[in-house]
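Here is a friendly briefing to read alongside the coordinates.

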Amino acid sequence: MNKQKTIFAGLLILLIVSLSFFLLQNHLNQSETLIGGEHSQPTQEIKGFQGAGAHISVHIEPLSDTEDALTRWETMSQLVELADSYGMKLSLHFSASPANFVLQSSIRLATLRKWEANGHEIAFHHHGQSHASWDGYSNDPKARFESEYKGTIEDLLETVSALPKGGVILSGSGTDEDTDWPTGVIYMTNGGSPPSSDYLISKIDTVSYNDQEILFLTKAPFGVDKGFESTSVEFIEEHLTLIEQNEYIGLAFSDTDIGKYFDDVENLFKLYQEHDIVTSTLDSLLGE
Ligand SMILES: [Zn+2]
């Protein structure tokens, strides 16, 4: 009898211990599931574009001949039409020769002023003597002895200033700024390669040329063939949510190349549209 009791008690204790162990194990598993669950499915904050805005500088480069001029005028017309269909505003940075080409035709000038009235900006563009294709203008006293010399920066600015209705150019871009930055042009974009976020994303900064304080933003090349590594829509998309409240996304197009990349431009505009980003002109962004 005693032996039976002992066996029974032993079995009972074993049952209780097993049951306790099972319940404890089950509890621990549940806890782990909860903790693990929190880690594997974090409550991720959906953060869209938080930046201050975006801008596009279109470089309208020096012309080589009349055929080139007509082709590039057509490219620019199509680009403005594409931008308009997405509500994007462009800053059109004119070199002297394409500015003269517009001024030679009342129809072209009227078209350009229609774009201006629709919110696009007419700006200034200059290739100084350090550039591979100098536009012939410079305020460097030695430049006037060169065979390609066409005039001073004031001459260049006078030509480009004839384009906008009000005759005033506030924004621009160019090389050789120390000698050649024009008086009265107070907003600037500058850029470089490779397409690092250093150029794509910038805060408003200041620089001084010819005793003037210039406000500037940077820009990364987009849709260009050579000389620079082009920025992709994917690269921009990856950086979009990292942009801070006082930062801007800046791009530079060149009218010599951008015609081959309209699909990329459209994808860019679609990306901007998805994130409620509208590109603005430099005078509207920097003039605030
Ligand atoms: Zn250029």
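Leu 215 belongs to strand E8, which covers residues 212-221. From there we can look at the residue's partners, then at the chain as a whole, and then at some helices and loops.

**Leu 215 and its partners**

- In sequence, Leu 215 and Tyr 187 are 28 residues apart, yet their C-alpha atoms are 5.0 Å apart in space.
- Leaving aside residues up to four places away in sequence, Leu 215 touches Ile 186, Tyr 187, Ile 204, Thr 206 and Leu 286.

**Confidence and the chain overall**

- The mean pLDDT of the protein chain is 88, and 83% of the residues reach 70 or more.
- Where pLDDT is low, the predicted coordinates should not be read in detail.
- The secondary structure of the chain amounts to 10 helices and 9 strands.
- Of the 288 residues in the protein chain, 39% are buried.
- Among contacts with a separation of 6 or more, 78% join residues 24 or more positions apart.

**The nonpolar core**

- The largest nonpolar core has 59 residues, and Phe 94 and Val 160 have the most contacts inside it.
- Which residues does Val 160 touch, not counting residues up to four places away in sequence? They are Phe 94, Ala 96, Ala 99, Phe 124 and Ile 169.

**Helices H3 and H5**

- Helix H3 (residues 96-103) packs with helix H5 (residues 153-161) at an angle of about 35°, and their axes are 9 Å apart.
- The contact is made by Ala 96, Ala 99 and Asn 100 on the H3 side, and by Leu 156, Thr 159 and Val 160 on the H5 side.
- The crossing of H3 and H5 is left-handed.
- H5 has these buried residues: Ile 153, Leu 156, Leu 157, Thr 159, Val 160 and Ser 161.
- Those buried residues of H5 pack against strand E2 (91-94), H3, strand E3 (121-126) and helix H6 (177-180).

**Helix H4 and what follows**

- Helix H4 (residues 106-117) has 12 residues, so at 1.5 Å a residue it should span 16 Å. The C-alpha atoms at the ends of H4 are 16 Å apart, which agrees.
- Gly 119 follows H4 and has a positive phi, near 110°.

**The loop between E4 and H6**

- Thr 175 is found in the loop between E4 and H6, and Asp 176 lies in that loop too, with strand E4 covering 171-174.
- Thr 175 counts as partly exposed because it has 17 C-beta neighbours inside 10 Å.
- Thr 175 and His 131 are 44 residues apart in sequence, while their C-alpha atoms are 7.0 Å apart in space.
- Beyond residues up to four places away in sequence, Thr 175 touches His 126, His 127, Gly 128, Ser 130 and His 131.
- Asp 176 has a phi near 55°, a positive value in a residue other than glycine.
- Is Asp 176 buried or exposed? Asp 176 counts as buried, because it has 20 C-beta neighbours inside 10 Å, and 20 or more is the cut-off for that label.

- Val 265 is found in helix H9, and its 23 C-beta neighbours inside 10 Å are why it counts as buried.
- Val 265 and Leu 82 are 183 residues apart along the chain, and their C-alpha atoms are separated by 8.5 Å.
- Not counting residues up to four places away in sequence, Val 265 touches Leu 82, Gly 223 and Ile 258.
- Asp 276 lies in the loop between helix H9 (262-274) and helix H10 (282-286).
- Phi of Asp 276 is near 55°, a positive value in a residue other than glycine.
- Asp 276 counts as exposed because it has 8 C-beta neighbours inside 10 Å, and 12 or fewer is the cut-off for that label.

Definitions and conventions. Residues numbered from 1 in each chain as written. Predicted model: local features only at pLDDT ≥ 70, side-chain atom pairs only at ≥ 80, totals over all residues. pLDDT = per-residue confidence, 0-100. Core = buried A, V, L, I, M, F, W, Y, C linked by C-beta atoms within 7 Å. Contact = placed C-beta atoms within 7 Å. Helix = DSSP H or I, 4+ residues; strand = E, 2+ residues; numbered from the N terminus. Expected span 1.5 Å × (residues − 1). Axes fitted to C-alpha atoms, helices over the stretch in contact; angles between N-to-C directions. Left-handed = near helix turned anticlockwise from the far one by under 90°.
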